[in-house]
Amino acid sequence: NPPVRQEALWVVILLTDGAANGGACPSSTWLAQPFCRDTDGSSRHSIGDPNYDADDYARDMADFVGRDQNAMIFAIGLGSQVQSSPYLPHDAGEQLLQYAVQDGVGNGLYYFAPSAGELRDVFQNIANNIATRLAK
């Protein structure tokens with residue numbers, strides 16, 4: 001393995017519809033909607049809690065990447081379900097993505113792209129932001 005450069009800026013770009021629906025799935029949510037999620041988007045459970053769900057798992061992974069790995073996270077919410085889903089609490093996807101960018105080196109940024117047509121500009125903004133931070 002090559003040596004890790006401690007001075008390097010670690011960047012993660014997360015592109016998602018914002019719906020955490022995998023990773024941890026309590027049996028109480030197997031037949032319900034939202035699948036693998038409790039209906040309270042503001043709840044947070046610990047590993048081992050019977051209500052530990054996909055949203056809890058996603059937040060734990062954001063903590064790991066942002067805090068433990070000191071990576072800057074840029075999150076892109078793609079599509080209408082990020083801000084409104086028939087199965088999740090209002091803007092649960094957006095709340096999750098905003099949470100993900102709070103931690104880590106220098107805090108990342110959250111972008112919303114209603115459709116794939118906006119992605120080019122979003123990625124350009126991210127590239128410009130990374131270049132600015134590297135130049136400081």
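**Entry 1**

I began with Ile13, which sits in strand 1 (residues 10-16); helices (H or I, at least four residues) and strands (E, at least two) are DSSP runs, numbered from the N terminus. The model is a predicted one, so I kept its limits in mind: local features need pLDDT of at least 70, side-chain atom pairs count only at pLDDT 80 or more, and totals for chains, interfaces and linings use all residues. Residues are numbered from 1 along each chain as its sequence is written, and side-chain values use heavy atoms, with hydrogens and water left out.

With a relative accessible area of 40%, Ile13 is partly exposed. I noted the cut-offs: buried is under 20% relative accessible area, exposed is over 50%, and partly exposed is in between (1.4 Å probe, protein chains only). Ile13, Leu15 and Phe123 make a nonpolar surface patch of about 250 Å². Patches take residues with over 30% relative accessible area and no salt bridge, joining like charges within 9 Å and nonpolar side chains (Val, Leu, Ile, Met, Phe, Trp, Tyr) within 5 Å. The areas come from the Shrake-Rupley method with a 1.4 Å probe, and for residues only the protein chains shown count as cover.

**Entry 1: the chain as a whole**

I then looked up the overall layout. The protein chain has three helices and three strands, and from the N terminus on its elements run β-α-β-α-β-α. Of the 136 residues in the protein chain, 38% are buried.

**Entry 2: salt bridges**

How many salt bridges does a search of the whole structure find? It finds four, a salt bridge being a side-chain nitrogen of Lys or Arg within 4 Å of a carboxyl oxygen of Asp or Glu. A reminder to myself: side chains of opposite charge can pair when their charged atoms come close.

I went through the bridges around Arg44. Asp60 and Arg44 form a salt bridge, with the closest N and O atoms 2.6 Å apart. This pair links distant parts of the chain, with Asp60 in helix 1 and Arg44 in the loop between strand 1 and helix 1, 16 residues apart. Arg44 also meets Asp63 in a salt bridge (3.0 Å, N to O). That pair too links distant parts of the chain, Arg44 being in the loop between strand 1 and helix 1 and Asp63 in helix 1, 19 residues apart.

Asp63 in turn meets Arg67 in a salt bridge (3.9 Å, N to O). Both Asp63 and Arg67 lie in helix 1, four residues apart, about one turn of the helix. Put together, Arg44, Asp60, Asp63 and Arg67 are linked in a network of salt bridges.

Which of these residues are buried, I wondered, and which partly exposed? Asp63 is buried, at a relative accessible area of 13%. Arg44 is partly exposed at 37%, and Arg67 is partly exposed at 44%.

**Entry 3: helix 1 against helix 2**

Two packed helices are described by the angle between their axes and the distance between the axes. Helix 1 (54-68) and helix 2 (residues 92-102) pack at an angle of about 20 degrees, their axes 9 Å apart. Axes are lines fitted to C-alpha atoms, for helices over the stretch in contact, and angles run from 0 to 180 degrees between N-to-C directions.

Helix 1 and helix 2 are therefore roughly parallel to each other, given that angles under 35 degrees count as roughly parallel, over 145 as roughly antiparallel, 65 to 115 as roughly perpendicular and the rest as oblique. Helix 1 passes helix 2 in a right-handed crossing; a crossing is right-handed if the near helix is turned clockwise from the far one by less than a right angle, and left-handed if anticlockwise.

Asp68 belongs to helix 1 and is exposed at 55% relative accessibility. Its C-alpha atom is separated by 9.5 Å from that of Asp103, 35 residues apart along the chain.

Asn70 is in the loop between helix 1 and strand 2 (71-78). I stopped at its phi, which is near 55 degrees, a positive value in a residue other than glycine. Most residues other than glycine have a negative phi. Asn70 is partly exposed, at 44% relative accessibility.

**Entry 4: two more pairs**

Tyr111 has its place in strand 3 (residues 109-113) and counts as buried at 15% relative accessibility. The C-alpha atoms of Tyr111 and Ala75 are separated by 6.2 Å, with the two residues 36 apart along the chain.

Last, I checked Ser27, in the loop between strand 1 and helix 1. Ser27 is exposed, at 52% relative accessibility. Ser27 and Asn51 are 24 residues apart in sequence and 8.6 Å apart in space, C-alpha to C-alpha.
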